[in-house]
Every structure is written in structure tokens, then in C-alpha cells.
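Dear colleague,

I am passing on the structure we spoke about, and below it you will find my notes on what it contains. Please read them with the model open beside you.

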Amino acid sequence: MLDGYEAVIGLEVHAELLTASKIFCGCSARFGAPPNTNVCPVCLGMPGVLPVLNRRVVEFAIRAGLATGCTIAEHSRFARKNYFYPDLSKGYQISMYEQPLCVGGGLDVVVEGVARRIGLTRIHMEEDTGKNIHDAHAAGSLVDFNRGGVPLLEIVSEPDMRSPAEAGAYLRALRSILQYLEICDGNMEEGSFRCDANCSVRRIGDRTLGTKVEIKNMNSFRNVERAVDFELARQVQALQQGEALHQETRLWDPDRSETRSMRSKESAHDYRYFPEPDLRPLVVDAAWVDAVRAALPELPPARRQRFEAAHGLSAYDADVLTQRKDVADYFEAMVAAGAGAKDAANWITTELLRIVREQKLDDALVIREWPIAPTRLAALARLVEGGTINRNTAKGLLPRLLGTDVDPAALVAAEGLAQVSDRDALDRAVRDVLARHPEQVEQFRSGKEKVLGFLVGQVMKTTGGKANPQVVQQLLRAALSS
């Protein structure tokens, strides 16, 4: 696709942390409050106030570092990053530069069956900026400083990715880990999980990096992949036409499916970093790191392997179920309630997640209250597994169980929905259907196997959907061969 060129992609992710308060003051870090209500002299940078580091933020950063294989620095330090934007009330951002908290590490991703290791450069803490609000119909722009001071992790990858698909896989793996750690909700649409992509191209075999271009304004994994794909093609086309590339920041326009130049890209010296004078160097002792390590949850790769080994799931099912912690927890609750592992996986991946999508229950990317309790869905699955009802009857009952605590077994008993497996009764229904459909009988006997499905459907219709479909198939085949 790149006609002799190789893509070089690195990603910078900004993850907002799920702390109750901001990183350097006691203001609420909650999203969605009325504009400029979660502010104070500290996060607004008024003269005469001093920042105080939120210990919970440091703990969350250590969690992220340990989960991704980073080395946790015993000594790290905050720095001032100086630049002037309307959404930065202080004229500088407290970040980390020369001495980040976490260095090294990496993530394993699989794209089209090929596993690759994507290295991490660093993870550091910093404060978020405010948010500019541009109204095309107003005379000016507004600024909401509620977000200013909300704790961020900046997670910087090595330029190890070689395709848009690898970039997407890396982001999905990273978000999944942060969600398992319960330190970030990973909501790209609300801006709590943001990504800037650094892209360049070089001739295959070259070791020298090409001119780096930064892409911003991507609010979904799909848009990250689309933006990187477009930008790589644009750079190759420019080089083939003899044009020079410039280090710059470009904006992704999803409506036009293109990147547009925003400004020249700053270098580190443009920010005039210097050590933050109002905060002491951060010292993290080994005992604290060990305590955080001991409390880490089981992470997606390990849980995926356990689901395959302990529950006999396919690699595909295990991957789908473990991408989100809430879904994996639901699966394990169903199995604990007596559902077979494969049956539980099928009910979740087909019916439950369809309902979740239709009812838009996962807009926040985590489900606290499921439409049906795992114990109830497990009870429904057991009725099918035990032959009390067939799967079609169970699927028909599912909408009636949503939002209730009704016992599926009690509902089946009360409404007489138990499956009919009596061979004599079903044999009479089969012979009645065959008598009414001689044309289809002849088609089957002449070799049209698919007609059997039609005949099974007619028997199911005759019995009100309660017939055991396996028994019906056996009786039909026996009758048609006689």
C-alpha cells in the first residue's frame, strides 16, 4: 500500500484518572458539572497559592506502570511546561519531563494472528488543561476550567507500530488494561482517553526516521486508524512528487476524511521546561510499590489464557469476553451460578451484548447494572441445557426477564412452556406436516437437503414452538426415508 515505504507510528495517550479530586487541589474531578463550578485558586493558578500532590494519583500511576512492565523510579520530579493557550489559566502546565515516574515496559498486541511487542517510552503524571468551547454563531469563544487540574497519565509509546491496524490494537489493549485497573474509564468521546499519533514514513530498509507529523482530534479507535492511514498515504504521495515534508501538527477532519495543517510542531525546548519550584521531588519507596503490585488485579492477557485453559473456550470467545472487565466478571458469575462455560459465552456474546448495544447501556464503557442478573441468565441457560425448553423459547422469554427478578423456571412452569419431547405426540405432528406438504417431501427425497429446515419449522409452528427440535429432526428423517 505504501509503495516501497515503511510506516513508523508512535502514540501519545492522555488518560484521565478516576480520582475524586484533582491532582493538586481538592476540587472535584467529576465530568459533567456546570461550567467553571469545580475550580479554586489553586487550579486556576492564582498568586500566593501552592499545589499539593494527590497521593491517589501517584498510586494510580504506579498501578499503570507495573501493569505495563515499566520500571518505577524511586526519584522523579515535576516540571513546568510553559506555553500560552486560553485554556491554560496559569500560562504553564505542571507535568514531568526529565524525571518521569515510569520508564520502559510495553504491550503485546496481535494483528491478523501476528503477535508484536510495542515498547513504552514513559508514563508520567500531569494536570489537564481547561476546555475551549467554540460556538460558530457566537461573537467569541468560552473557556470551561472544570477540567483544568484533572489528573492525567501521559503514556508515550516507542515508534514501534507499522500499520494503522497495529495502532488500533495497541490502543484497545492499553484501554482494556486501564479499565481493569479501574483508574480510567477509557471514554474517548468524553475525552477521558485521548490519543495523538506521530507518523512518518521511510524507505523500507532505511534506519533513519522520516519527518514526524503529529495528528490530533481523533475521538474513536476507528478515527485513529483512518487518520493514520490517510496521513501515511499523504506523506508517501508528497515524497513521490518531490515535495518536502514539514514537522507539524495536523487536525483530523472525520467528515472530509483528511488531515489539515494546524501549526508547526513545537520541540521540547519551545516549552522552556524547568523543575517545578512549588513541589518537592517525588520519592516512592519500594514498600509502597510492592504493596501496589500485590493488589494488582488479574489483567486481560492472563484472564484470557485462564478462560481458555480452565473453561475450554476458544481463543476468539476468550478474547471477546476479557476485553472488558465487567463482561468477564459477568461471565464468571454465570458459570458460578451453574451455566456451562460455552453456553454462558454464547448467551453473552450473542444475546446479552446485543441488548446492551440496543439499549445503549455501555455509553460509559462500564455496566454497573445489567439488564438481567447473571444468576437469572444462568438459570435460563440451564433450562435449555437440561432440555426443559428449547433455545427459541428461551430467546422469546429473555425480553420478559429484562429489568425483573423473575425466576425463568417459575415462568416456564406457570405458562406451560416446557419443551415437548414425547415421541408419539411429535410423530403425529410430523406426519400431519408431511401430509400437508407433499411438494417439499418430494423435493427432499430428490436430494434438496435444505427443505428439511422448512419442514422442521412447520412442525415447530404446529406445536407452538415447544417441540424438541432435535427429536423433530430425527422423526422427520425417519419418516422421509420410509
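Subject of these notes: selected residues, strands and the whole chain

Ser 176 sits in helix α3, which covers residues 164–180. Please keep in mind throughout that this is a predicted model. With a relative accessible area of 7%, Ser 176 is buried, because anything under 20% is put in that class. If residues up to four places away in sequence are set aside, Ser 176 touches Pro 300, Thr 322 and Gln 323.

Which residues does Leu 380 contact, once its neighbours within four places in sequence are left aside? The contacts are Trp 347, Ile 389, Ala 394, Leu 397, Leu 398, Leu 401 and Pro 408. Gly 10, by contrast, is 370 residues from Leu 380 in sequence, and the C-alpha atoms of the two are 47 Å apart in space.

Pro 41 lies in helix α1, made up of residues 41–44, and is partly exposed, with a relative accessible area of 44%. Not counting residues up to four places away in sequence, Pro 41 touches Met 46 and Val 49. Between the C-alpha atoms of Pro 41 and Cys 25, which are 16 residues apart along the chain, the separation is 9.0 Å.

Turning to the strands, you will find an open sheet of three strands in the order β5-β4-β16, with antiparallel pairing. Its edge strands are β5 (92–96) and β16 (274–275), each of which pairs on one side only. Strand β4, residues 78–82, is joined to β16 by two bridges in the antiparallel sense, and there Arg 80 has Phe 274 of β16 as its bridge partner.

With strand β14 (residues 248–253), β13 instead runs parallel, over four bridges, and Ile 215 stands opposite Arg 250 in β14.

A further antiparallel pair is formed by strand β7 (residues 106–111) and strand β8 (residues 114–127), which are joined by six bridges. Within this pair, Leu 107 has Ile 118 of β8 as its bridge partner. The hairpin of β7 and β8 has two residues between the strands, and in that hairpin Glu 112 takes a positive phi near 50 degrees.

Most residues other than glycine have a negative phi. Asn 217, a residue other than glycine, has a positive phi near 70 degrees. The loop that holds Asn 217 runs between β13 (213–216) and α4 (221–240), and at 45% relative accessibility Asn 217 counts as partly exposed. Lys 360, also not a glycine, has a positive phi of about 50 degrees. Its loop is the one between α9 (341–358) and α10 (374–385). Is Lys 360 buried or exposed? Lys 360 is exposed, with a relative accessible area of 59%, because the exposed class begins over 50%.

As for the protein chain as a whole, its secondary structure comes to 16 helices and 17 strands. The radius of gyration is 29 Å, whereas a compact globule of 482 residues would have one near 23 Å, and the C-alpha atoms fill a box of roughly 90 × 55 × 50 Å along the principal axes. Of the 482 residues, 48% are buried. Among contacts between residues at least 6 apart in sequence, 69% join residues at least 24 apart. The accessible surface comes to about 23500 Å², and 51% of this belongs to carbon and sulfur atoms. The chain carries 59 positive and 64 negative side chains, and the centres of these two sets lie 2 Å apart.

Methods
Residues numbered from 1 in each chain as written. Predicted model: local features only at pLDDT ≥ 70, side-chain atom pairs only at ≥ 80, totals over all residues. Heavy atoms only, no water. Rg over C-alpha atoms; globule rule 2.2 N^0.38 Å. Buried < 20%, exposed > 50% of the residue type's maximum accessible area, 1.4 Å probe, protein only. Contact = heavy atoms within 4.5 Å. Areas by Shrake-Rupley, 256 points an atom, 1.4 Å probe, with all protein chains shown as cover. Lys, Arg positive; Asp, Glu negative; His and termini not counted. Charge placed at Lys NZ, Arg CZ, Asp CG, Glu CD. Pairing = 2+ DSSP bridges.
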